[in-house]
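Subject: Structure for you to look at

Hello,

Here is the structure I promised to pass on. Please open it beside this email and follow along.

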Amino acid sequence: MTEKTVDRRKFLKGSALAAAATAGSFAAPAIARAEPVTLKMQAAWGGGIFLENAQSYVDRVHAMASKDIKIDLLPVDSVVKTSQMQDAVHRGVLDAAHYVPAYWYSKSPTASLFGTGPCFGWSSQEVLGWVNYGGGQELFNELMGNLGLNVVSFFNSPMPAQPLGWFKQEITDVSQLNGLKYRTVGLAADVLLEMGMSVVQLPGGEIQPAMKAGLIDAAEFNNPTSDRDFGMQDVSKFYHLASFHQSQEFFEITFNKKKYEGLPAELQAVLKYASEAENSNFYWNNTKRYADDLNKLRDEQGVNVYRTPDNVMAAQLTAWDVVIKRISSEDPFFAKVVDSQMAYAKNVMGYLNLNQPDYKLAYNHYFGS
C-alpha cells in the first residue's frame, strides 16, 4: 500500500465524518418542548384582597416553575359553589381550590381546628408552626384518609385575629350579645351559640345585604379591608376589633391528589414551597392594607372603632371550653388533634411568652395609647 493511498483513505474518512456532522446539525429533527401542565384552580373569593392573595400564590408558582406549570385561577362560583369546591377537587372537576377549611367543616368538626379552632394562647403564626413542625400536617392527612378524600393540601397566609365585627351599638358587656342574630362560620358558630347568640352562616358577599335588610343584627367577615370593600360601614358605625372566635385562621390550598402525585417531584415541590413563600408576602402586604383601611373607616367614613371588652373575650374562652369538651367526647380524632395542639402551644408559647417583650409598652412610649 502506497503512502498516497493511505493519505487518500484518511481524507475520504475525514470527509465522511465531517459531512455526517454537518448533515446532523441541519437535518436532525427538533426536540419539542413538553407542553406545560395546566391546573384549573377555583378560589372562594369573587374579588378584593383575598383574590389578590390567591393570585399572588399563582404568580409565585409561575415564577418558580417557569413555563412548566400554568394555573388558571377562577373566581368564586365559576365552576361550582363554594360549599362544593372540596368535592369538585376530590372528583377532579377542579384541579385545585383556594379557600379555608371552615367552608367544608360540616364534614368533620376537626376541619375547623385547622384555622378556626380554640385559642390556646397562640396566633396563626404558631398554628402554622404546629402544622409544619408539630404533627399538624400529618393529622390533616390522616383526616383526609378517614374521610376518603382524594386531596393534598397546603396551608399558608397567617391572618391576624378577626374582629368581633359590626353591631348596631357599642358592646360594653357580654350580656348585650344574648339573642343577637350574628353571622360567622366554622366552630365559631358553636361558640357563639353557647354564648346565647343566634348564628347564621353566610358567604361573604351576602353579609352586608343581610344586615341592611335586618335579617341579621351583627356580623363579622375577616378584616378591615374586606369589610370596607363589602360596604359594612354603610350599615353600621360600630366596629369591634379583637376576638377569640376566629383568632388564628389561614388559607388552605388543596389539589386533586392523583393530579398532584402525577407531577414530577420538582413541580410538586414548587406547589408546596410557593405556598410557604406566600406566608411572608401575605402578612407583610395584608397588615399594611388592613391598617390603612382601618384608618379610612375611622377617619373618613365615621366608623367608631373599639377594642372588644375583656369580659366578652373571657366569655368566649369559657364557651370554647364547653364546645371542646362536648365534641371531644363525641369524636376521638377531634380530641387527638386538640391534644396535639395544646402540647405544641404550651411548649412554644411558654418560650415566647417568657422571651417576648411587651410591644404595646414600647408602642405607647412613642405614640401614646
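Which helices and which strand do the buried residues of helix 11 pack against? They pack against helix 6 (188-194), strand 11 (304-307) and helix 12 (332-355).

First, the ground rules. This is a predicted model, in which local features need pLDDT of at least 70 and side-chain atom pairs count only at pLDDT 80 or more, while totals for chains, interfaces and linings use all residues. Residues are numbered from 1 along each chain as its sequence is written, and side-chain values use heavy atoms, with hydrogens and water left out.

Some terms come up again and again. Helices (H or I, at least four residues) and strands (E, at least two) are DSSP runs, numbered from the N terminus. Buried means under 20% relative accessible area, exposed means over 50%, and partly exposed lies in between (1.4 Å probe, protein chains only). Contact, touching or packing means heavy atoms within 4.5 Å.

**Helix 11**

Helix 11 covers residues 310-330. The buried residues are Val312, Met313, Gln316, Ala319, Trp320, Val323, Ile324 and Ile327. They cover an arc of only 145° around the axis, so they sit on the same side of helix 11. The arc is that of the directions from the helix axis to the C-beta atoms. The face turned away from this buried side carries the exposed residues Asp310, Asp321, Lys325 and Ser329.

**Helix 5**

Now go to helix 5, which has 12 residues. From first C-alpha to last, helix 5 reaches 17 Å, close to the 16 Å expected at 1.5 Å a residue. Gly136, Gln137, Leu139, Phe140, Leu143 and Met144 are buried in helix 5. Seen down the axis, these buried residues fall within an arc of 160°, so they line one face of the helix. On the other side, Glu138, Gly145 and Asn146 are exposed. What covers the buried residues of helix 5 includes helix 3, helix 4, strand 4 (151-156), strand 10 and helix 12. Gly148 follows helix 5 and has a positive phi, near 70°.

**Helix 5 against helix 12**

How do these two helices run? Helix 5 (residues 136-147) and helix 12 pack at an angle of about 170°, with their axes 11 Å apart. Axes are lines fitted to C-alpha atoms, for helices over the stretch in contact, and angles run from 0 to 180 degrees between N-to-C directions. Helix 5 and helix 12 are therefore roughly antiparallel to each other. That word applies to angles over 145 degrees; under 35 counts as roughly parallel, 65 to 115 as roughly perpendicular and the rest as oblique.

In this contact, Leu139, Glu142, Leu143 and Asn146 of helix 5 meet Phe333, Lys336, Val337 and Ser340 of helix 12. These residues divide into four nonpolar, two polar and two charged. Ala, Val, Leu, Ile, Met, Phe, Trp, Tyr, Cys and Pro count as nonpolar, Asp, Glu, Lys and Arg as charged, and the others, Gly among them, as polar.

Look also at Thr110, in the loop between strand 3 (96-99) and helix 4 (124-133). Thr110 is buried, with a relative accessible area of 0%. Leaving aside neighbours within four places in sequence, Thr110 is in contact with Leu143, Asp331, Phe333, Phe334 and Val337.

**Ile207 and Ile216**

Ile207 lies in helix 7 (residues 207-212). Ile216 is in the loop between helix 7 and strand 8 (218-219). Ile207 counts as buried, at 1% relative accessibility. Ile216 is buried, with a relative accessible area of 1%. Not counting residues up to four places away in sequence, Ile207 touches Ile216, Arg183 and Met232, among others.

Most residues other than glycine have a negative phi. Asp77 is not a glycine, yet has a positive phi of about 65°. Asp77 counts as partly exposed, at 39% relative accessibility. Ala242 is not a glycine either, and has a positive phi of about 80°. Ala242 is buried, with a relative accessible area of 13%.

Best wishes

Definitions and conventions. The expected span of a helix is 1.5 Å times one less than its number of residues.
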